[in-house]
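Subject: Structure for you to look at

Hi,

Here is the structure I promised to pass on.

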Amino acid sequence: VDKGSVSSGTPLQFTVSYNGVTVPVTYQNGQPGGIFREDIPVVVEGRMSGGVFYGDNILVKHSAKYVAENPDRVKDYPQK
């Protein structure tokens with residue numbers, strides 16, 4: 001999630017970038033909750049239409065620090 005790109009309205013809108021390509025994302029299922037925020041890696045499931053990615057689900061990867069500080073919340077999370 002690109003820093004400075006999140007608009008907190010409904011629908012939630014933000015951009016993601018990878019390998020020099022930036023894609024606008026629209027997420028209409030409310031707020032994703034959890035640890036979603038700017039400047040973190042996410043996987044967005046959904047569909048692309050007209051240059052915009054319409055997300056149905058947002059997955060946030062927990063950092064090693066989060067896992068270490070919250071082992072009870074991620075006990076079934078595969079460790080690498």
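Predicted model: local features only at pLDDT ≥ 70, side-chain atom pairs only at ≥ 80, totals over all residues.

Residues are numbered from 1 along each chain as its sequence is written, and side-chain values use heavy atoms, with hydrogens and water left out.

Now the backbone. Strands (E, at least two residues) and helices (H or I, at least four) are DSSP runs numbered from the N terminus. Aspartate 39 sits in the loop between E2 and strand E3 (42-49), and has a positive phi of about 70 degrees despite not being a glycine. Asparagine 19 also has a positive phi, near 50 degrees; its place is the loop between E1 and strand E2 (21-27), and it is exposed at 67% relative accessible area. There is a cis peptide bond too, between threonine 10 and proline 11, with omega about 5 degrees. Proline 11 belongs to the segment before strand E1 (12-18).

Next, the sheet. Two strands count as paired if DSSP finds at least two bridges between them. Four strands form an open sheet in the order E1-E2-E4-E3, with mixed pairing. E1 and E3 are at the edges with a single partner strand each, so one side of each has no neighbour in the sheet. E3 pairs with strand E4 (residues 52-60) in the antiparallel sense over 8 bridges. Within that pair, glutamate 45 has asparagine 57 of E4 as its bridge partner.

Finally, which elements give two or more residues to the lining of the largest pocket? A pocket here is an open set of points on a 1 Å grid over the protein atoms alone, where a 1.4 Å probe fits, with protein on both sides within 12 Å along at least five of seven lines; lining residues have an atom within 4 Å of a point. The lining includes Val1, Val16, Val25 and Phe53. The elements asked about are E1, E2 and E3, and E3 gives the largest share, 3 residues.

Cheers

Technical notes
Buried < 20%, exposed > 50% of the residue type's maximum accessible area, 1.4 Å probe, protein only.
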